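Hello,

Here is the structure we talked about. My notes follow below it.

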Amino acid sequence: MKVAISSTGTEIDSEVDQRFGRCNYFLIFDDKTNNLEVFPNPSASTSNGSGIETAKNLTKKGIKAIICGNIGPNAFQVLDAEGIDIVNGFKGTVREAIKNFKEGNYSKASSPNVRTHSGIMR
Amino acid sequence: MILSIASGKGGTGKTTVSVNLALSLGQVQLIDCDVEEPNDNIFIKADIEGSQDVSVEIPQIDPERCLNCGACANFCNFNAIVDLPSGIKIFPSLCHSCGGCKLVCQNDAISWKDKKIGYIRRGKKDDILFYDGFLDVGESRPTPIIKSLKYQIGTDIDTILDCPPGTSCSFLETVNGSDFCILVTEQTPFGFNDLKIAVEALKKMDIPFGVVINRDGIGDDEIEIFCKKETIPILLKIPYNKDIAKLYSKGESFIDCFPEISRQLVYTFYSIKSMIT
């Protein structure tokens, strides 16, 4: 099963990016192969609806869950519609996020935790 | 004459100039186009006589006819339509009502429905005809409300348009079609920077303009040097005065306490009018 983590950098010790739609990278971890794929977010600087576009792109990556900091209502709706689990409010490194994920130490979000446009100008 | 009052930078005194000019003139149409934060009526205190909803058209998809081809989502530049494996999804608040999705739909699956995004109000204070508009909370597109407000512009009366701050769509929508634009500024680096951006925009739009310096006496003389170089008329300087600020903070105009500035505003107005006609 694959999980995507919003990340400020390309390394496993990068901090989890608190933005969703406008984060620079997603690190996609596959617990079957232990492989970590770097996915630069092509929608980070899109003018409108970056959360929606980012969520849509992630649906094509075959992921089952995402771990992020903040996530707004539009991106949440897209991921929810595609049955992707959302873990929000995570603070720490990607390594810590993966560790928690492997141990089942997380809870799925049932609603977005910020309003639209929260990631602009951060 | 349609006179718009704009600034670039927020908080320089658009509302101060607009409401005090309107009250000084007495017989005029005042339209508060800052639909995200209208506050002219705090000062005008008009009796509101009516209001009218403003709607935009957004697409709706007939699931019977939709082939899930994704052409509409592909066309949409604003991510208002996305095609997901689970089906097409519409985000109405991102839609700009361009109509492109309906044009590219191969199977005529898209129709329009109205969505309310705000409202406009009309009122009266003595001989001032007053209008303002309100964008609903959570809506991102102020321009349709500004358009609705501008439909109210009369031909037999002078009109003052109080612009939203900035130089983005809402500013452009408001000043478009104005006979003249007053740029209210202050002598600070921010005021100067944003003034230059607004000047660029107005030049491109071919709208004649002049500058009113508010809170004159603070800051430096960069703006005056710039205006001289660019041959932009400085129409009026309103002095920095705590009593003006105090009146503003109470929601009161300054025309009774500062009759001289009130007269200068009227003079400025008629100078502009004689200049453009």
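What percentage of the residues in chain B is buried? Of the 277 residues in chain B, 49% are buried. Please keep in mind that this is a predicted model.

Chain B as a whole

The secondary structure of chain B consists of 10 helices and 11 strands. Its C-alpha trace spans about 70 × 45 × 35 Å along the principal axes. If we take the contacts in chain B with a separation of 6 or more, 71% of them are between residues 24 or more positions apart. The accessible surface of chain B is about 13,400 Å², and carbon and sulfur atoms account for 49% of that surface.

Helix α5 of chain B

One element to look at is helix α5 of chain B, residues 143–150, which is mostly covered. Of its 8 residues, 7 are buried. These are B:T143, B:P144, B:I145, B:I146, B:S148, B:L149 and B:K150. The buried list therefore includes a lysine, B:K150, which counts as buried because its relative accessible area is under 20%.

What covers the buried residues of this helix? The cover includes the strands β2 (28–32), β3 (47–61), β6 (110–125), β7 (128–135) and β8 (159–162) of chain B. Helix α6 (169–175) of chain B is also included in that cover.

Where chain B meets chain A

In the interface, 11 residues of chain B are in contact with 12 residues of chain A. The size of an interface is often given as the accessible area lost when the parts come together. For chain B and chain A the buried area is about 1,100 Å², with 59% of it given by carbon and sulfur atoms. Three residues, B:N79, B:L84 and B:F91, supply 40% of the area that chain B buries against chain A.

On the side of chain B that touches chain A, strand β4 (residues 81–84) of chain B provides the largest share, with 3 residues. By class, this side of chain B has 6 nonpolar, 3 polar and 2 charged residues.

Regards

Technical notes: Residues are numbered from 1 along each chain as its sequence is written. Chains are lettered from A and ligands numbered from 1 in the order in which they are written. This is a predicted model: local features need pLDDT of at least 70, side-chain atom pairs count only at pLDDT 80 or more; totals for chains, interfaces and linings use all residues. Side-chain values use heavy atoms; hydrogens and water are left out. Contact means heavy atoms within 4.5 Å. Buried area is the accessible area (1.4 Å probe) that two parts lose on being put together, summed over both. Helices (H or I, at least four residues) and strands (E, at least two) are DSSP runs, numbered from the N terminus. Ala, Val, Leu, Ile, Met, Phe, Trp, Tyr, Cys and Pro count as nonpolar, Asp, Glu, Lys and Arg as charged, and the others, Gly among them, as polar. Buried means under 20% relative accessible area, exposed over 50%, partly exposed in between (1.4 Å probe, protein chains only). Accessible areas come from the Shrake-Rupley method with a 1.4 Å probe; for residues, only the protein chains shown count as cover.
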